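Colleague: I have the model open and would like to talk through a few places in it. Could you put it up on the screen before we start?

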Amino acid sequence: MTFRARHLLGIEPLHPTEITELLDTADRYAELNRQGRAPRDVLAGLTQINMFFENSTRTQASFEIAGKRLGADVMNMAMQASSVKKGETLIDTALTLNAMRPDLLVVRHPNSGAVDLLAQKVNCAVLNAGDGRHEHPTQALLDGLTIRRAKGRLHRLSIAICGDIAHSRVARSNIMLLGKMENRIRLIAPPTLMPSGVAEFGVELFDDMEEGLRDVDVVMMLRLQKERMDGGFIPSEREYFHRYGLDAAKLSHARPAAIVMHPGPMNRGVEIDGTIADDINRSVIQEQVEMGVAVRMAAMDLLARNARMGRDETGVMA
Amino acid sequence: MSTLFTNARLIDPERGETHGALLVEDGRIAGVIETGDLPQAAEVIDCRGHCLAPGIVDLGVKVSEPGERHKESFASAGRAAAAGGVTTIVTRPDTSPAIDTPETLEFVVRRAREDSPVRVLPMAALTKGRDGREMTEIGFLRDAGAVAFTDCDRVVTDTKVFSRALAYARSLDALVMAHVQEPGLSSGAVVTSGKFASLRGLPGVSPMAERMALDRDIALIEMTGARYHADQITTARALPALERAKRNGLDITAGVSVHHLTLNELDVADYRSFFKLKPPLRAEEDRQAVGEALASGLIDILCSMHTPQDEESKRLPFEEAASGAVGLETLLPASMRLVHGGVIDLPGLFRALSLNPSKRLGLETGRLAKGAPADLVWFDPDAPFVLDRATLRSKSRNTPFDGARLEGKVLGTWVAGRSVTESR
């Protein structure tokens, strides 16, 4: 089974072989990027619009570079500043942009499900760049690629995801992806930051960091999303760092070769100790950023191919 | 003027099901004839072996007058009700402005009389502006025709305000209807917490929020002796508390919407906002437990919780979309899923749809007994159809049953012996 979808809205609908195909393609782009030989003709003549209804410098830059490296014409729209303020609904915005006939829409939105809704109303490929607390598929793919390159495989690993899981779309997409690839997943969080019913996802739950990190191969830290907190999830940042912040002492419970990941941007001294983040023997955080561009190139390449096939079969775009 | 309904399955909520004829004279039931000779009548209607039952009394219908007439008017709601076998709609005061003065109540009564083919009984707000701070003129409002008092989906959080309103209502023998959701726990939530909520990344509320609110209200009714109705009990955990309160002799009843009995949280699927309700749809175990509670009579009243919303308020990301579903026309066919599924029998269903709400509001309707008002619904319980929401009479067509296979078609509706069925 190969990746034939029109959109990339989440990890949930993907088959493990589709994930592997996306990662294999991304791996090739990662090498080409390092050699400075990215093929500029892959998305040549295609228009990519980045619609960010929520601020994100890093993800938007990553998508922009990915598109430009493959030759797409990239346009960024800061949606808070535009028609949204004038009261236009999401669907009207989508229809307006659709009429301009873009080929790729990259969308981030603060509401879960909003990108799915938008994808129903347009006839170009839509990439979910994060919707509410729901999914952030390219982040999970880049994390998967980083793990695969560091560990030589993406199955039968013991992986801990730690921190603000309740508010994290990164955690959800990673639980989906790592579960589909048959890894052991451990979630570590204070009970107030653990989503309800998550035990039914086939994961192990811990509220103690040292216990949860025991013998894991991968430590995936999450950002403590301060802007999402409407108060009272944790007593204080310093108590959080004491109990859940990743430092050398806590990390010593993981396997000696365990790698440390973080989706960024980091709060040093809140969820992660600065020296761990900067430890080139443990931290793969910079590699994650690098793989982010490669994964987004792969996703857009495959979606553009699928759109071309759809056109060839029907004469018009499906 | 007399009408004779012959060859009918008579669904009597009080005495069970029989086969026979029913005579209507001057707007009232003049007799039930099971055997022997049929009397003469000016008009004879052959029910062709299908069901004849007391018309539905739907407790908690939102008609969007005043304020949002583009969503639903008394004319459109009345037509929808007639098409659905609903002969009395008991309206909610959560309009804009709220129905919280005798003057606004009189507007509702007059508009309903002018435009609605079915009976309309208004409820009024319990507190001014439904703000939970000061009680309304419960006495004047009752005199002007308010049959119950409710702030609808807003919970009166200040227990002192609520206890005084309950005590005052008690002195007038007025019924208070309340929404049972602990507001702190449920704030911001759009689905029930659990695996599905986490999978979709939507903020959820624990089903415990319902029991907490019910527990509080039960303590306040014990304190004040008020007549109380919980609008929607939708979770298994709330049922023991309700059972205990009834056993202890408190004047408490409870309702549930047909949506919570026939759908569960998974129906939201890919963020389908037509399934966004208040309270949110529940887990399958809760749905089943509440269905059993309806069959046993622990939950007294089955309603549609008819809540019209236009396309614009629903075509939004799930968290931002408006809550509620229309239900006047689908209440009976959707309820028939419970009958066909063996959860409840037809007389039991019409106890919940017609008799119990009538009794709770002190109405004569809801019965097939001699002397009762001839508010009737004639329906084929087995007729299958696929619902097309474009055919609904409501101005708003936000039904979760679009495209659903339903069994049970209304063939005719009579209010006070007069047919209100539209020919289509």
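**Working through the model**

Modeller: If we set aside the neighbours within four places in sequence, Arg223(A) is in contact with Asp164(A), His262(A), Pro265(A), Met266(A), Asn267(A) and Glu271(A), where contact means heavy atoms within 4.5 Å. This is a predicted model, in which local features need pLDDT of at least 70 and side-chain atom pairs count only at pLDDT 80 or more, while totals for chains, interfaces and linings use all residues, and side-chain values use heavy atoms, with hydrogens and water left out. Residues are numbered from 1 along each chain as its sequence is written, and chains are lettered from A and ligands numbered from 1 in the order in which they are written.

Colleague: Okay, and where in chain A is Arg223(A) found?

Modeller: Arg223(A) belongs to the loop between β8 (218–221) and α8 (237–244) of chain A; helices (H or I, at least four residues) and strands (E, at least two) are DSSP runs, numbered from the N terminus.

Colleague: Which backbone oxygen does its side chain reach?

Modeller: The side chain of Arg223(A) comes to 2.9 Å from the backbone oxygen of Pro265(A), a polar contact, that is, a pair of N or O atoms within 3.5 Å; within protein, one must be able to donate a hydrogen and the other to accept it, and residues adjacent in sequence count only if both atoms are side-chain atoms.

Colleague: And why does Arg223(A) count as partly exposed?

Modeller: Because its relative accessibility is 21%, and the scheme calls a residue buried under 20% relative accessible area, exposed over 50% and partly exposed in between (1.4 Å probe, protein chains only).

Colleague: What does the UniProt annotation "binding site" cover?

Modeller: In the unreviewed UniProt entry, that annotation covers Lys86(A), Arg169(A) and Arg223(A); UniProt positions are given in the numbering used here, feature names are shortened, and annotations may be inferred rather than shown by experiment.

Colleague: Take Arg169(A) then: buried or exposed?

Modeller: Arg169(A) is buried, with a relative accessible area of 8%, and it lies in helix α6 (residues 169–180) of chain A. A polar atom of the Arg169(A) side chain lies 3.0 Å from the backbone oxygen of Gly132(A).

Colleague: Switching to chain B, what does chain B average in pLDDT?

Modeller: Chain B averages 97, and 100% of the residues score at least 70, pLDDT being the predictor's confidence in each residue, from 0 to 100. For the model, the scores are ipTM 0.88 and pTM 0.93.

Colleague: Which residues of chain B carry the catalytic domain annotation?

Modeller: The unreviewed UniProt entry places "domain: Dihydroorotase catalytic" on residues 50–235 of chain B. Over that stretch the chain is 38% helix and 18% strand, with the end C-alpha atoms 34 Å apart.

Colleague: What is the order of the strands in the open sheet?

Modeller: The open sheet of 5 strands in chain B runs β9-β10-β13-β14-β15, with parallel pairing; two strands pair if DSSP finds at least two bridges between them. At the edges stand β9 (149–150) and β15 (301–303) of chain B, each with a single partner strand, so one side of each is left without a neighbour in the sheet. Within the sheet, β13 (residues 227–230) and β14 (residues 252–257) of chain B run parallel and are joined by 3 bridges, and Ala230(B) stands opposite Ala254(B) in β14(B).

Colleague: Which peptide bonds are cis?

Modeller: Among them is the bond joining Glu65(B) and Pro66(B), where omega is about -5°, and Pro66(B) sits in the loop between β6 (56–61) and α1 (74–84) of chain B. The bond from Ser96(B) to Pro97(B) is also cis, with omega near 5°, and Pro97(B) is found in the loop between β7 (86–91) and α2 (102–115) of chain B.

Colleague: And what about phi at Arg48(B)?

Modeller: Arg48(B) has a positive phi of about 55° although it is not a glycine; Arg48(B) lies in the loop between β4 (43–46) and β5 (51–54) of chain B and is exposed, with a relative accessible area of 52%.

Colleague: Last one, what does His259(B) touch?

Modeller: Not counting residues up to four places away in sequence, His259(B) touches Leu277(B), Leu281(B), Ser304(B), Ala325(B), Val326(B), Pro400(B) and Phe401(B). His259(B) lies in helix α9 of chain B and counts as buried at 2% relative accessibility.
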